[in-house]
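Visitor: I am new to this structure. Please give me a close look at a single part.

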Amino acid sequence: MAPPDLTLDVRSLPAPEPLEHCLEALADLAPGQRLHMLIDREPYPLYTILDRDGFRHCCTFEDTHFQVTIWYDAK
């Protein structure tokens with residue numbers, strides 16, 4: 001059974017704090033677990049890091065913020 005998903009709310013934090021908090025959370029992500037990051041802007045620099053490190057992501061806009069869902073793609 002996979003551990004529960006994590007939610008990281010970094011709305012209103014100045015750059016680069018959202019990226020730093022996200023990378024810290026990803027370091028502790030368990031297999032099968034997803035991270036849902038709530039952020040004020042789409043985090044384009046993060047996508048390159050996720051791709052490089054084997055993570056998958058999906059970004060949606062939800063009224064006032066973006067939600068980026070991140071998981072490890074164990075190929």
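What is the phi of Gly-54, which follows α2, positive or negative?

Guide: The phi of Gly-54 is positive, near 85 degrees. This is a predicted model, where local features need pLDDT of at least 70, side-chain atom pairs count only at pLDDT 80 or more, and totals for chains, interfaces and linings use all residues. Residues are numbered from 1 along each chain as its sequence is written, and side-chain values use heavy atoms, leaving out hydrogens and water.

Now α2 itself. This helix spans residues 44-52. Helices are DSSP runs (H or I, at least four residues), strands likewise (E, at least two), numbered from the N terminus. Leu-46, Tyr-47, Ile-49 and Leu-50 are its buried residues (buried is under 20% relative accessible area, exposed over 50%, partly exposed in between, with a 1.4 Å probe and protein chains only). They sit on the same side of α2, because they cover an arc of only 165 degrees around the axis, taken from the directions from the helix axis to the C-beta atoms. On the other side, Tyr-44, Pro-45, Thr-48, Asp-51 and Arg-52 are exposed.

What covers the buried side? The cover includes α1 (17-27), β2 (34-39), β3 (55-62) and β4 (65-72). Contact here means heavy atoms within 4.5 Å.
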